[in-house]
Amino acid sequence: MEENESSANSGQQVSRPSRYYDPSNVTQIISNGHILVGICNDNTVLKYPSDPNNHEQKLKILKESVILGHLPSHPHIVEYLGYKDFAIKLRYYPTGPLSNYLSSNPNVGIIQRIEWCAQLTSAVSFIHFNSVIHSDICLDNVLLNDRLEVVLTDFQGILLQNGDILVNGNTSERAKSYMPRSAQYNVLMGFKTDIFALGSAMYHILNGFEVFPELRDPHETIEIVNRFMRGNFPRPNYVGYPIVEKCWRAEYTSAAEVAMDLIGLQNIVK
């Protein structure tokens, strides 16, 4: 499991580190690390390596651009605007990550929360239909547009072709989104691991906080995985818990099935 290095918007201003390479049209860095995200003059963002001579960083950008370029446009997927010189140009979403929005707006109603779950599930179903495994679904990688609609971003996952890996971004889910699996894990199970992570993301949306909020230390990763393996899930005292738990139990064969159950939930709560 890797910690994600970048997001299309961190939701916070980040000072410009002088040791990093900056293209001339970047005015402000909003996410830093090995891969940078900076706002450009035309209100887009540029995602690019902090070191223009680092082959591994450049390869990560290239792979993500191939995955994004493969995907058709979708209202709940980050808008890809092109690739040039190991830099990806994307639409800028100034509202920032859904995780930050929920922290700042704890009183969002359940109807809106379920709608966000439905929008995110629509995005996941769409990328799966187009042979892409995201591999890091969490609310830090879910932005909100100016209409407060979900936008899935950070595509450093896997692109398949006829069941084989065409592009592998070599990323993985964080601990609270990680489906326990054996050493015999097959890449085609990646659709189910995405759905498992979708369950954790929906839990976060519906409750306003991550699963197992008491487990925050990186050394507690084993305990998190063990709880999921034992089926020791949080108390089922929140709207939508049967859908979330079916994701965690790998009882869905596709994200489209999750979407159908969410439609039923929406009809109940309206």
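Ala-250, which comes after helix α6, has a positive phi, near 60 degrees. Helices (H or I, at least four residues) and strands (E, at least two) are DSSP runs, numbered from the N terminus. The model is predicted, and local features need pLDDT of at least 70, side-chain atom pairs count only at pLDDT 80 or more, while totals for chains, interfaces and linings use all residues. Residues are numbered from 1 along each chain as its sequence is written, and side-chain values use heavy atoms, with hydrogens and water left out.

**Exercise 1. Helix α6**

Identify the buried residues of helix α6, and state which helices they pack against.

Solution. Step 1: the term buried means under 20% relative accessible area, exposed means over 50%, and partly exposed lies in between (1.4 Å probe, protein chains only). Step 2: helix α6 covers residues 241-248, and its buried residues are Ile-243, Val-244, Glu-245, Cys-247 and Trp-248. Step 3: these buried residues pack against α4 (190-207), α5 (221-230) and α7 (255-269), where a contact means heavy atoms within 4.5 Å.

**Exercise 2. The five-stranded sheet**

Give the strand order of the open sheet of five strands, and explain what is particular to the strands at its edges.

Solution. Step 1: two strands pair if DSSP finds at least two bridges between them. Step 2: the order is β1-β2-β3-β5-β4, with antiparallel pairing. Step 3: β1 (26-31) and β4 (80-83) stand at the edges with a single partner strand each, so one side of each has no neighbour in the sheet. Step 4: neighbouring strands of this sheet are turned against each other by 30 degrees on average, direction ignored; the axes are lines fitted to C-alpha atoms, for helices over the stretch in contact, and angles run from 0 to 180 degrees between N-to-C directions.

**Exercise 3. Thr-44 and its surroundings**

Describe the position of Thr-44, its bridge partner and its contacts.

Solution. Step 1: Thr-44 is placed in strand β3. Strand β3 (residues 44-49) runs antiparallel to strand β5 (residues 88-91), and four bridges join the two. Step 2: the bridge partner of Thr-44 in β5 is Arg-91. Step 3: Thr-44 counts as buried because its relative accessibility is 4%. Step 4: a polar contact of 2.6 Å joins the side chains of Thr-44 and Asp-42. A polar contact is a pair of N or O atoms within 3.5 Å; within protein, one must be able to donate a hydrogen and the other to accept it, and residues adjacent in sequence count only if both atoms are side-chain atoms. Step 5: not counting residues up to four places away in sequence, Thr-44 touches Gly-38, Ile-39, Leu-81, Lys-89, Leu-90, Arg-91 and Tyr-92.

**Exercise 4. Salt bridges**

How many salt bridges does the structure hold, and which residues share one network with Arg-227?

Solution. Step 1: a salt bridge is a side-chain nitrogen of Lys or Arg within 4 Å of a carboxyl oxygen of Asp or Glu. The structure holds 15 salt bridges. Step 2: one of them joins the side chains of Arg-91 and Glu-79 (3.2 Å, N to O). This pair links distant parts of the chain, 12 residues apart: Arg-91 is in strand β5, and Glu-79 is in the loop between α1 (55-70) and β4. Arg-91 is partly exposed at 30% relative accessible area, and Glu-79 is partly exposed at 36%. Step 3: Arg-227 forms a salt bridge with Glu-214, with the closest N and O atoms 2.6 Å apart. Arg-227 lies in helix α5 and Glu-214 in the loop between α4 and α5, so this pair ties together parts that are 13 residues apart in sequence. Arg-227 is buried, with a relative accessible area of 16%. Step 4: salt bridges that share partners join Glu-214, Glu-223, Arg-227 and Arg-230 into one network.

**Exercise 5. The β9-β10 hairpin**

Which residue in the turn of the hairpin formed by β9 and β10 has a positive phi?

Solution. Step 1: strands β9 (residues 158-161) and β10 (residues 164-168) run antiparallel and are joined by four bridges. Step 2: Gln-161 stands opposite Asp-164 in β10. Step 3: two residues lie between the strands of this hairpin, and Asn-162 in the turn has a positive phi of about 55 degrees.
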